Amino acid sequence: MDAQTVPCACGTRTEPRKVRPALGTSLEVVLPGNYEREGRERKSMAAPRVNLAEDSRSVTRTILLIAWPVFVEQILTTLVSYADTAMVGSLGAWATASVSISNAPIMLLNGVVMSLGVGITALVARNVGAGETETVKKLIRHAIMAIIAVGVPICLLVLALHRKIPQWMGAAPEILDTAAEYNFYTALGRIFMVTSMMINSALRGYGDTKTPLYMNTIMNIVNVILNFLLIYPTRELTVLGVTFTMWGAGWEVRGAAIATAVGMAVAGTLCLLVVFLRQNEYRIDLKGSWKPDERLTRQIFKISLPAMLERLVMGSSGVLVNSSVATLGTVNVAANSLSGTAESMSFMPAMAFQTAVTTLVGQSLGAKKPQLAEKYVRRTQVIGTIVMVFAGLGLFVFARQLIGFFTPDEEVIAIGAECLHVIAFMQIPQVLAWNFAGALRGAGDTKICFYIAAVTNWGVRTLFSVTAIRVFHQGLVVMQCIILAEILCRLCLLYWRYRSGKWKNVLAD
């Protein structure tokens, strides 16, 4: 590697010559807690690191550097979800309902894993900012150990309850068998999904948002290709005027489930290869200590347990609300599912900014720079608001077209479009709430996030939605109006906590 001599306080020193990152390398963004020690410890890096403490560095540019891979990842994931839903939806409303009826309880279980990921991300970011490389490597090992401790039981639980779950959700008799079959096959790949989620949480903590993008892209490509081959039967296709026979398994919903499971398996395996084989200072191996560190384990659970309870609150709320929606009939279940799928496209920028602010706040506080953390939060809110104005307009104007992309059923399109008209007004308060929550989680202040979620989800969303549907026999549009009210309440409470400034010292030594 080329070297150069540069001036320093004690005379001169020799350091590697700065080079432009190669196309496709991941960007790891850190704040130096001890820059000299970090320079000694770094022997080889697959990706250059960016010093956010430079006065000349643009805050907006830094936010976008972290956020854009997450945004692209969300675009690809959502587009594949669109294609997946459209492929299944082409079979009829029964197929869409079969795939979506178990979403709420499955997301409830996924929330347990995601909550552990919150703790991993916050602590990795904090220790990267403080320059504690060995602690970061220990945290990555703990993330992998959590896969065995949590992922395997979740996989076995879904396998054991693959038929009970849609029954509990009120599935109609005509979709019960296909819904159970879908749960069974996707459960086989769930351990790999847990692997991806945990490792990606660690990677995002030290600013590497590109690798999760690559992993999810590969998973989605595998999913779409296998969907195309496994859902439909053998048929005649015409491409550019050439007609040929395309083989197909004709497994319908079962084919979609197998495609999803195989995609999960590929992504999870690749994530493991990344942390064990990629050459950088955070690479781990089997020779290092795999004994759980009591202090780190305690810190992880201090952050993750409230996040887990928050997910349980939100997930159980979703279960009750969606089980109430199921009483409205298969058409409403399909409309609710499809409006949620369409909505996910608009929320992609909000999710990207939330990930960015979590990482940047964690690293800023780790480097003892709380003012910089506040600066990142303020700028992220401005950028997020501007972006979500356009997202909301898109949902409102193209509501029918978005729902119609997934299904030809006119009744489903009409109900789903009405829901999107209300959802359009959620965009700005949602991104503001998510960014405040992301900042608090980056600081490790997950306990207050749990309290706020419990109050708003159960006190507003669940109580009034279930009452409106089951007692007053209202439909999905009224339910979406109640969800909008809940988001506004949550935003006010999160803003109150952020303004108090107490989050800055939650993990103070």
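Helix α12 (residues 330–366) packs against helix α16 (residues 427–442) at an angle of about 25°, and their axes are 7 Å apart. Angles under 35 degrees count as roughly parallel, so α12 and α16 are roughly parallel to each other. The model is predicted. The protein chain in it has 18 helices and six strands, and 55% of its 509 residues count as buried.

**The α12 and α16 pair**

- The crossing of α12 and α16 is right-handed.
- On the α12 side, the contact is made by S346, F347, A350, M351, F353, Q354, V357, T358, V361 and G362.
- On the α16 side, the contact is made by Q427, Q430, V431, W434, N435, A437, G438, A439, R441 and G442.
- Q430, a residue of helix α16, has 6% relative accessibility and therefore counts as buried, because buried means under 20%.
- Leaving aside residues up to four places away in sequence, Q430 touches F347, I487 and R490.
- One of these, F347, is also listed among the α12 residues that make the contact with α16.

**The chain as a whole**

- The protein chain exposes about 22300 Å².
- Among contacts with a separation of 6 or more, 78% are between residues 24 or more positions apart.

**The nonpolar cores**

- The largest nonpolar core has 48 residues.
- Within this core, V124, I140, M198 and Y206 touch the most other members.
- At least two residues of this core come from each of α4 (103–129), α5 (133–160), α8 (190–205), α9 (210–230), α10 (253–277) and α11 (294–326).
- Helix α4 gives the most to this core, with eleven residues.
- A second, separate core has 38 residues, including I101, A104, L176 and M479.
- M198 touches V113, L116, G117, I120, A143, A146 and I147, when residues up to four places away in sequence are not counted.

- Two packed helices are described by the angle between their axes and the distance between the axes.
- The axes of α5 and α8 come within 8 Å of each other and cross at roughly 150°.
- Angles over 145 degrees count as roughly antiparallel, so α5 and α8 are roughly antiparallel to each other.
- Helix α5 passes α8 in a right-handed crossing.
- From α5, the residues that meet α8 are I140, A143, A146, I147, G151, V152, I154, C155 and V158.
- From α8, the residues that meet α5 are R190, I191, V194, T195, M198 and A202.
- The axes of α5 and α11 come within 11 Å and cross at roughly 65°.
- Angles of 65 to 115 degrees count as roughly perpendicular, so α5 and α11 are roughly perpendicular to each other.
- The crossing of α5 and α11 is right-handed.
- T135, K138, L139 and H142 of α5 make this contact with R295, L296, T297 and I300 of α11.

- A83 is found in helix α2 (residues 59–89).
- The C-alpha atoms of A83 and V224 are separated by 7.4 Å, although the two residues are 141 residues apart along the chain.
- With 23% relative accessibility, A83 counts as partly exposed, because that class lies between under 20% for buried and over 50% for exposed.

**Two loop residues with positive phi**

- E252 has a phi near 55°, a positive value in a residue other than glycine.
- E252 is placed in the loop between β6 (242–249) and α10.
- The relative accessible area of E252 is 36%, so E252 is partly exposed.
- H473 has a positive phi of about 55° although it is not a glycine.
- H473 is placed in the loop between α17 (446–471) and α18 (476–500).
- The relative accessible area of H473 is 66%, so H473 is exposed.

Conventions:
Residues are numbered from 1 along each chain as its sequence is written. This is a predicted model: local features need pLDDT of at least 70, side-chain atom pairs count only at pLDDT 80 or more; totals for chains, interfaces and linings use all residues. Side-chain values use heavy atoms; hydrogens and water are left out. Helices (H or I, at least four residues) and strands (E, at least two) are DSSP runs, numbered from the N terminus. Buried means under 20% relative accessible area, exposed over 50%, partly exposed in between (1.4 Å probe, protein chains only). Contact means heavy atoms within 4.5 Å. Accessible areas come from the Shrake-Rupley method with a 1.4 Å probe; for residues, only the protein chains shown count as cover. A nonpolar core is a set of buried Ala, Val, Leu, Ile, Met, Phe, Trp, Tyr and Cys residues joined through side-chain atoms within 4.5 Å. Axes are lines fitted to C-alpha atoms, for helices over the stretch in contact, and angles run from 0 to 180 degrees between N-to-C directions. A crossing is left-handed if the near helix is turned anticlockwise from the far one by less than a right angle, and right-handed if clockwise.
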